[in-house]
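Thanks for making the time this morning. I would like to walk you through one chain, going from its overall make-up to a handful of places in it, and I will say as I go what each term is taken to mean.

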Amino acid sequence: MSHVTNINMKIKDLDAMAEGAAPECGLEFLRDQKKFMTYGGVQNACDHAMRLKDHQRGDFELGLVKNGDEYELKGDLWGQTRLLEAVGGPQFNKLKREYTVAVSMRNAPRGFIASRQALPNNRVRLALRKG
C-alpha cells in the first residue's frame with residue numbers, strides 16, 4: 001500500500017530546483033519523467049521527478065505535480081531514512097532552504113554576482129557584489 005503525501009513545499013522555479021537545490025541535497029532531478037515510484041513499485045503520475053543520486057533498490061522517488069503556475073511536491077516517505085536524511089528530515093528543511101538559496105541567487109539584481117557561504121547550524125549567508 002502506497003503512502004503518498006503532499007509535502008508542504010511549492011515550487012515555481014524548476015531550474016532553481018534542478019540546478020541548485022536538488023544537487024545540494026544529493027538528489028537527481030529527472031526532468032519530464034512522468035511517473036515517480038513509491039512502495040511496492042507503484043508508479044504515480046507527475047510532471048517531473050527526483051531521486052537520490054546514489055539511488056538503490058528500495059529507494060522511492062519524489063514527484064513534482066503541476067498545479068496552476070507552481071508545482072506540488074509529493075512522495076511516499078514510509079521507511080525512507082536515506083531520502084529524509086538528504087532533504088533535512090520529514091519537514092524537508094534542507095531542501096526548502098537550498099531551494100530558497102537557489103531562487104535568491106538566480107534572482108540577483110542585474111550587474112551583481114551572488115555567492116553563498118555555509119555557516120554553523122545549517123545556516124547560509126548570501127552575499128551580492130558588483131560584477
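Predicted model: local features only at pLDDT ≥ 70, side-chain atom pairs only at ≥ 80, totals over all residues.

Since much of what follows is about strand pairing, let me begin there: two strands are said to pair if DSSP finds at least two bridges between them. Helices (H or I, at least four residues) and strands (E, at least two) are themselves DSSP runs, numbered from the N terminus. Residues are numbered from 1 along each chain as its sequence is written, and side-chain values use heavy atoms, with hydrogens and water left out.

First, the chain as a whole. It has 3 helices and 9 strands, and from the N terminus on these elements follow the order β-α-β-β-β-β-β-β-α-α-β-β. The radius of gyration, taken over C-alpha atoms, is compared with a globule rule of 2.2 Å times the number of residues to the power 0.38. For 131 residues a compact globule would come out near 14 Å, and the chain has 15 Å, which agrees. Along its principal axes, the C-alpha trace spans about 55 × 35 × 25 Å.

As to cover, I use buried for under 20% relative accessible area, exposed for over 50%, and partly exposed for in between, with a 1.4 Å probe and protein chains only. In those terms, buried residues make up 40% of the 131 residues. Contact means heavy atoms within 4.5 Å, and among contacts between residues at least 6 apart in sequence, 45% join residues at least 24 apart.

On charge, Lys and Arg count as positive and Asp and Glu as negative, while His and the chain ends are not counted; the place of a charge is taken as NZ of Lys, CZ of Arg, CG of Asp or CD of Glu. The chain has 21 positive and 16 negative side chains, and the centres of the two sets lie 6 Å apart.

Let me turn to strand S5, residues 48-52, which is mostly covered, with 4 of its 5 residues buried. S5 pairs in the antiparallel sense with strand S2, residues 27-30, over 4 bridges, and within that pairing Leu 27 has Leu 52 as its bridge partner. S5 also pairs with strand S6, residues 62-67, again in the antiparallel sense, over 3 bridges; here the bridge partner of His 48 is Leu 64 in S6.

Now to the helices. Pro 23 lies in helix H1, residues 14-24, and counts as partly exposed because its relative accessibility is 32%. Leaving aside neighbours within four places in sequence, Pro 23 is in contact with Met 17, Ala 18 and Lys 53. Its C-alpha atom is separated by 15 Å from that of Arg 82, 59 residues apart along the chain.

Not counting residues up to four places away in sequence, Glu 98 touches Ala 21, Glu 24, Cys 25 and Arg 116.

Finally, strands S8 (112-119) and S9 (123-130), which pair in the antiparallel sense over 8 bridges, with Arg 123 in S9 as the bridge partner of Leu 119. Ala 114 lies in S8 and is partly exposed, with a relative accessible area of 21%. Apart from neighbours within four places in sequence, Ala 114 is in contact with Met 105, Ala 108, Ala 127 and Leu 128, whereas its C-alpha atom and that of Lys 35, 79 residues apart along the chain, are separated by 35 Å.

The hairpin of S8 and S9 has 3 residues between the strands, and Asn 121 takes a positive phi near 60° there. Asn 122 is found in the loop between S8 and S9, and its phi is also near 60°, a positive value in a residue other than glycine. As background, most residues other than glycine have a negative phi. Asn 121 counts as exposed at 69% relative accessibility, and Asn 122 counts as exposed at 60%.
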